[in-house]
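I opened this notebook to record what I looked up in one structure. The entries follow the order in which I went through it.

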Amino acid sequence: MSLSEEVDSATGVTAGTVDRHATTETFESTAPATGAVVGVFPVHDATAVGETVARARAAAGQWAALGFDGRKQRLAAYRGYLARRMHELADLVHRENGKPHADAILEITLAVDHLAWAAGHARKTLGPRRVAAGMLAANHAAYLEYQPMGVVGVIGPWNYPVFTPMGSIAYALAAGNAVVFKPSEFTPAVGAWLAAAWRAAVPDAADAFQVVTGFGETGAALCRVPVDKLAFTGSAATGRKVMAACAETLTPVLMELGGKDAMIVDDDADVVAAADAAVWGAMSNGGQTCIGIERVYATAPVYDRFVAEVTAQVQRLRPGSDDAATYGPMTMPSQIDVVRRHVSDAAGAGARVVTGGPDTSPGERYVAPTVLLDVPESSAAVREETFGPTLTITKVRDAEEALERANDTTYGLAGAVFSKSRDRAMDLARRMRSGMTSVNSVLTFASVPALPFGGVGDSGFGRIHGEDGLKEFTRSKAITRQRVPLPVNLMSFGRPAGAADALARVMGMVHGRHR
Ligand code: NDP
């Protein structure tokens, strides 16, 4: 029986992953395209979450003791398992989230890539090393190492139900932690599948990665248990609640929040390539992408051509659930109202709607890709995260004005710059107020495992992916070892009376000459 068949079975609960807890309440996950039930899952209450974390804690010591090589071998088995069953998992993502099967494959590929990188680079990034001891401790050896924290709680969203949580799960596991993952209530089957796959691929450390399911209360319980670190990905509004809950137990948090990402299209940009990237960045995954492009600032010389090209490309997009569809239904019904409000507010404030629009048929889960021009900068479509298939395009004088407007947001997740001038593009990219920027492409940074992923401002703090992502799930530990005792010990009440004066003279000679 395939794992997805197991979660589709009468109970909808994957054996051995989420059904072992004492809880009676359940909830259904449904396919946004058809309304069919994908699975039935337990609502884990605080007791059940506590039991799961206790099991993870018991497993964490053994998982850490496997060392870098032992963990690398098991993480390889897990990624091999995912890679072999890619279509099965992609089909489940397609059904439960609604995105096209091909996009699900892309997201799983990225997740597998991150699993490989995290496991392959953990020793080099985190392993014990000796560092220079410095002048005052010259007779000591100094060591630095990054130790696992214990149990990491991961709370994830529904938009990329494999790739997004794996950005925390893979790095936390590779760093030697056990993980308890709470998927979104809209994608519990995918979360359960990932945990079942772990148990199948890594049976000797099965409790090192477990899943709990439910609604916000289950996530809140995970914050309060407590865990040793809570990695949250979701909206800024929920992020604030999670931080407040974690404050009660002084649990450190990692916050991957929303964005309002901008693209700058400069005078010398390849307009066709920029339009292609903008359409993909804004409309793929039905616009439900944290690092999706929501605003474009195009300079006057390229504006008209850019708008025409974007419009033509958007008109070729096709909704649906079959293999030819380019975008699927909105996963979370309430998001449709947000998109509709942003579009109708903008239209009411004088924006031109060149494709799509605010209307969807009653009960309809597909939102037409919508391009908006002349949108006032004060409107919700420019200021708030829309998280739907919309794009505002604004004409600006030059790239400096584009950058100023791109940076005029409380968010700061990612962005893009299009220009054929390498130096100018890199300069704009550096000055963009964001955690990540792509030059002459969109979203590329997310597929480079060595690069850190995270935002500034209301987009959160902390980093997943890359070396920073590994260190994020560790505690740095400092150790010194005295190699030889010195006749004069400055950190002793027995030091000679003139020792401090002698030290001051030495410091004056070494550092005092600098002005
Ligand atoms: P939400 O903030 O609504 O939910 C995120 C997760 O938090 C869900 O699992 C949710 O559970 C859970 N949750 C809800 N309430 C609480 C609570 N009080 N305590 C603990 N956990 C809780 O976000 P969405 O799922 O709607 O995801 C979309 C958002 O995620 C967008 O803002 C998007 O930009 C952002 N995002 C950011 C990314 C990044 O890397 N920066 C990547 C992907 C998305 P439940 O669903 O059961 O309510």
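**Entry 1. Domains.** I note that the model is a predicted one.

**Entry 2. The interface.** I next asked how many residues of domain 1 and domain 2 are in contact. I found 22 residues of domain 1 touching 22 residues of domain 2. The size of an interface is often given as the accessible area lost when the parts come together. For domain 1 and domain 2 I recorded a buried area of about 1800 Å². Carbon and sulfur atoms give 61% of that area. I also looked up salt bridges between domain 1 and domain 2, and the count is zero.

**Entry 3. Strand β6.** I then turned to β6, which spans residues 178-182. Are its residues buried or exposed? I found five of its five residues buried, and the strand is mostly covered. Both faces of β6 are covered. On one side I listed A178, V180 and K182, and on the other V179 and F181, all of them buried.

**Entry 4. Pairing with β5.** I looked up the pairing of β6 with strand β5 (residues 151-155) and found five bridges in the parallel sense. Within this pairing, V154 stands opposite F181 of β6. I followed the chain from β5 to β6 and saw that it passes through helix α6 (residues 163-174). This β-α-β crossover is right-handed.

**Entry 5. Pairing with β7.** I also found β6 joined to strand β7 (residues 209-211) by three bridges, and these two strands run parallel. I noted F209 in β7 as the bridge partner of V179. From β6 the chain crosses to β7 through helix α7 (residues 188-201), and I recorded this β-α-β crossover as right-handed.

**Entry 6. Residue G412.** Lastly I located G412, which sits in the loop between α14 (399-406) and β15 (414-418). Why does G412 count as buried? Its relative accessibility is 3%, and the cut-off for buried is under 20%, so G412 falls in that class. Leaving aside neighbours within four places in sequence, I listed the contacts of G412 as R433, S434, G435, G455, V456 and S459. I also looked up P42, which is 370 residues from G412 along the chain; their C-alpha atoms are separated by 36 Å.

Notes: Residues are numbered from 1 along each chain as its sequence is written. This is a predicted model: local features need pLDDT of at least 70, side-chain atom pairs count only at pLDDT 80 or more; totals for chains, interfaces and linings use all residues. Side-chain values use heavy atoms; hydrogens and water are left out. Buried means under 20% relative accessible area, exposed over 50%, partly exposed in between (1.4 Å probe, protein chains only). Helices (H or I, at least four residues) and strands (E, at least two) are DSSP runs, numbered from the N terminus. Two strands pair if DSSP finds at least two bridges between them. A crossover is right-handed if, with the strands pointing away from the viewer, the path from the first strand over the helix to the second runs clockwise. Contact means heavy atoms within 4.5 Å. Buried area is the accessible area (1.4 Å probe) that two parts lose on being put together, summed over both. A salt bridge is a side-chain nitrogen of Lys or Arg within 4 Å of a carboxyl oxygen of Asp or Glu.
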